[in-house]
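Subject: Structure for your review

Dear colleague,

Please find below the sequence and the structure that I am handing over to you. My notes on what was found follow directly after them.

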Amino acid sequence: SEMSTRGAVMVKVQFVVSIKVEKSFVCSGFFVDKGGYVLTAKHCLEDMPVGSKLSIVFASGNEQPAVFLGEIQTLDIALLGSGKPTEFPVAEFTGRPENIERDKFYGDNKSNLDKRMVVIPCRVKNNGSGLADRIYLGEINSWQSDNKVSIFQLQQNASGCSGAPIINLEGKVIGIVHSRSGDFVYAVADPELKEAISMIIRDSL
């Protein structure tokens with residue numbers, strides 16, 4: 001069932017955090033390395049320069065200082081460093097889902113639906129001053145490649161989830177939320193993410 005699927009995957013997504021700049025929650029992020037590195041969407045940080053300080057906020061409400069280490073503008077990603085190893089699980093990446101054809105628009109076509117179902121866990125601002133955990137279910141509508149950047153489209157209105165991971169039903173990350181338009185979410189896909197993360201970490205050392 002939908003609820004059991006959400007519950008099973010949620011066990012694996014303790015690595016999702018919220019990113020706080022000064023006193024404002026700006027987007028979601030997630031741990032990608034045991035060294036305490038967190039990936040998020042660059043557009044959430046606006047014109048913040050590399051080296052700026054911000055905070056990682058956990059589900060418990062506890063905050064941890066972090067530093068903006070680097071970015072890849074073409075992927076709209078930013079990497080943050082907490083400066084110490086994390087005790088939380090880290091994202092396990094996987095490539096393009098099996099049987100998802102490149103450059104095909106599925107629309108209402110239900111073929112390979114079990115392979116196209118994904119979960120988007122995020123931490124967003126609620127109506128008050130705190131945070132709310134949300135888990136969206138969606139399905140991949142298309143998977144496209146342009147200049148080595150894979151973008152895929154999900155049929156799901158996941159409002160406020162920029163920077164959140166997109167996870168298949170095995171609990172593996174296939175991308176990061178980039179933007180939303182109406183009832184569709186657009187995401188940057190792995191394997192570009194893994195290569196970019198490694199490059200930013202290497203350049204920041």
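**A helix across the strands**

Helix α3 (residues 192–204) lies across β2 (24–33), β3 (37–41), β5 (63–72) and β6 (77–81), and runs at about 105° to β5. Contact here means heavy atoms within 4.5 Å; axes are lines fitted to C-alpha atoms, for helices over the stretch in contact, and angles run from 0 to 180 degrees between N-to-C directions. Helices (H or I, at least four residues) and strands (E, at least two) are DSSP runs, numbered from the N terminus.

Please note that this is a predicted model, in which local features need pLDDT of at least 70 and side-chain atom pairs count only at pLDDT 80 or more, while totals for chains, interfaces and linings use all residues. Residues are numbered from 1 along each chain as its sequence is written, and side-chain values use heavy atoms, with hydrogens and water left out.

**The helix itself**

With 13 residues, α3 reaches 18 Å from its first C-alpha to its last, close to the 18 Å expected at 1.5 Å a residue; the expected span is 1.5 Å times one less than the number of residues. Which residues of α3 are buried? They are Glu192, Leu193, Ala196, Ile197, Ile200 and Ile201. These residues lie on the same side of α3 because they cover an arc of only 155° around the axis, the arc being that of the directions from the helix axis to the C-beta atoms. On the face turned away from this buried side, α3 carries the exposed residues Glu195 and Arg202. Buried means under 20% relative accessible area, exposed over 50%, and partly exposed in between (1.4 Å probe, protein chains only).

**The barrel**

Six strands form a closed barrel in the order β1-β2-β3-β6-β5-β4, with antiparallel pairing. On average, neighbouring strands of this sheet are turned by 45° against each other, direction ignored. Two strands pair if DSSP finds at least two bridges between them.

Strand β1 (residues 16–21) is joined to β2 by six bridges, and Val21 has Ser24 in β2 as its bridge partner. In the hairpin of these two strands, with two residues between them, Glu22 takes a positive phi near 55°. β1 also pairs with β4 (residues 53–57) in the antiparallel sense over three bridges, where Lys20 stands opposite Ser55.

Strand β2 is mostly covered, with seven of its ten residues buried. Four bridges join β2 to β3, and Phe30 stands opposite Leu39 in β3. Their hairpin has three residues between the strands, and Gly36 takes a positive phi near 95° there.

Yours sincerely
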